[in-house]
Amino acid sequence: MLFDTHAHLNDTQYNEDLEEVIERAQTEGVSEMVIVGFDRPTIQRAMELVERYDFMFACVGWHPVDAIDMTDEDLTWIEELTSHPKVVAIGEMGLDYHWDKSPKDVQKEVFRRQIRLAKKVKLPIVIHNREATADIVEILKEEKAEEVGGIMHCFSGSPEVAKECVNMNFYISLGGPVTFKNAKKPKEVAAEIPLEKLLIETDCPYLAPHPYRGKRNEPGYVKLVAEQIAEIKGLTFEEVAEATTQNAKKLFGIK
Ligand SMILES: [Zn+2]
């Protein structure tokens, strides 16, 4: 069975056909998924979904692109939600230097505050990194994030950075890009990082794997990610599915 560790089924793109998307995921063997909320509306919707579906769990936090909008009340609300039994992680948080809506210093402060919250409530963190690797690694070290660990979500960096993150108690999560023909680094990471530190995800509706690249992504496509990792590592699909699902359950504390 497959565990999609990063899905945004709370996105409005699924308003029309959510039930069909979920049915296809189950047909493909997806047994669990984590729904990620990163602002007021998406967190609210993630909580509604995890109340309704027993195989869904929630990750709640504040996205770095919108860091400038986060208020003290928002962070207090996120802290309150962490006492819900189906909230299994905090995020996605991190740094995104591709967009300039939020200044870097604001992003860094919002990132640090969420790491401190995660350590307080003892939940793992889910990291969003876009063009900000050096600063992310520095902040994770300074804040001693290894105490809670977590996930480098949709990891696109080098095997060297991946190993550094593994040494800080983080899992490396691979998504659709590992299936792209020209994606050299994700394939190297899949080859070099041991299976017991790998997770799989879709990040749907974004980053659909080959041959759906450019289309709306959905949790059922996580099977293609597992198949690609199996091929790269010379393992069976079942071995990759089993190991990545056990890794996710261990990290999120799901029985
Ligand atoms: Zn995401």
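Is isoleucine 151 buried or exposed? Isoleucine 151 is buried, with a relative accessible area of 2%. The close-ups below come from a predicted model, and the opening view starts with this residue.

View 1. Look for isoleucine 151 in strand S6, which covers residues 150–152. Because its relative accessible area of 2% falls under 20%, this residue counts as buried. Setting aside residues up to four places away in sequence, isoleucine 151 touches Thr5, Ile125, Val126, Ile127, Phe170, Tyr171, Ser173, Leu199, Leu251 and Phe252. Arginine 130 makes a handy reference point: it lies 21 residues from isoleucine 151 along the chain, and the C-alpha atoms of the two are 14 Å apart.

**View 2. Isoleucine 125 and the nonpolar cores.** In soluble globular proteins, nonpolar side chains tend to be buried together. Here the largest nonpolar core has 74 residues, and those that touch the most other members are Leu9, Met56, Ile125, Leu140 and Ile172. Take isoleucine 125 as your way in: beyond its neighbours within four places in sequence, its contacts are Ile90, Met93, Ile115, Ala118, Leu140, Ala145, Val148, Gly149, Gly150, Ile151 and Phe170.

**View 3. Helix H3 against helix H4.** Here helix H3 (residues 72–81) meets helix H4 (residues 104–121), with axes that come within 11 Å and cross at roughly 25°. Since angles under 35 degrees count as roughly parallel, H3 is roughly parallel to H4. The crossing of these two helices is right-handed. On the H3 side, the contact uses Asp72, Leu75, Ile78 and Glu79, while H4 brings Arg113, Gln114, Leu117, Lys120 and Val121. Sorted by class, the residues of this contact are four nonpolar, one polar and four charged.

**View 4. Helix H6 against helix H7.** Helix H6 (residues 159–167) packs on helix H7 (residues 184–192) at an angle of about 45°, and their axes are 9 Å apart. The two helices are therefore oblique to each other. H6 and H7 form a right-handed crossing. Pro159, Ala162 and Lys163 of H6 make the contact together with Glu188, Val189 and Glu192 of H7. Three of the residues in the contact of H6 with H7 are nonpolar and three are charged, with no polar ones.

View 5. The peptide bond between cysteine 204 and proline 205 is cis, with omega about 15°. Proline 211 lies in the loop between S8 and H8 too. Its peptide bond from histidine 210 is also cis, and omega there is near 5°.

View 6. What is phi of glutamate 131 near? The value is near 55°, which is positive in a residue other than glycine. You will find glutamate 131 in the loop between strand S5 (125–130) and helix H5 (133–142). Glutamate 131 counts as exposed, at 53% relative accessibility. Now turn to aspartate 203, in the loop between S8 and H8. Aspartate 203 is not a glycine, yet its phi is positive at about 60°. This aspartate 203 is buried, with a relative accessible area of 8%.

Technical notes
Residues are numbered from 1 along each chain as its sequence is written. This is a predicted model: local features need pLDDT of at least 70, side-chain atom pairs count only at pLDDT 80 or more; totals for chains, interfaces and linings use all residues. Side-chain values use heavy atoms; hydrogens and water are left out. Axes are lines fitted to C-alpha atoms, for helices over the stretch in contact, and angles run from 0 to 180 degrees between N-to-C directions. Helices (H or I, at least four residues) and strands (E, at least two) are DSSP runs, numbered from the N terminus. Angles under 35 degrees count as roughly parallel, over 145 as roughly antiparallel, 65 to 115 as roughly perpendicular and the rest as oblique. A crossing is left-handed if the near helix is turned anticlockwise from the far one by less than a right angle, and right-handed if clockwise. Contact means heavy atoms within 4.5 Å. Ala, Val, Leu, Ile, Met, Phe, Trp, Tyr, Cys and Pro count as nonpolar, Asp, Glu, Lys and Arg as charged, and the others, Gly among them, as polar. A nonpolar core is a set of buried Ala, Val, Leu, Ile, Met, Phe, Trp, Tyr and Cys residues joined through side-chain atoms within 4.5 Å. Buried means under 20% relative accessible area, exposed over 50%, partly exposed in between (1.4 Å probe, protein chains only).
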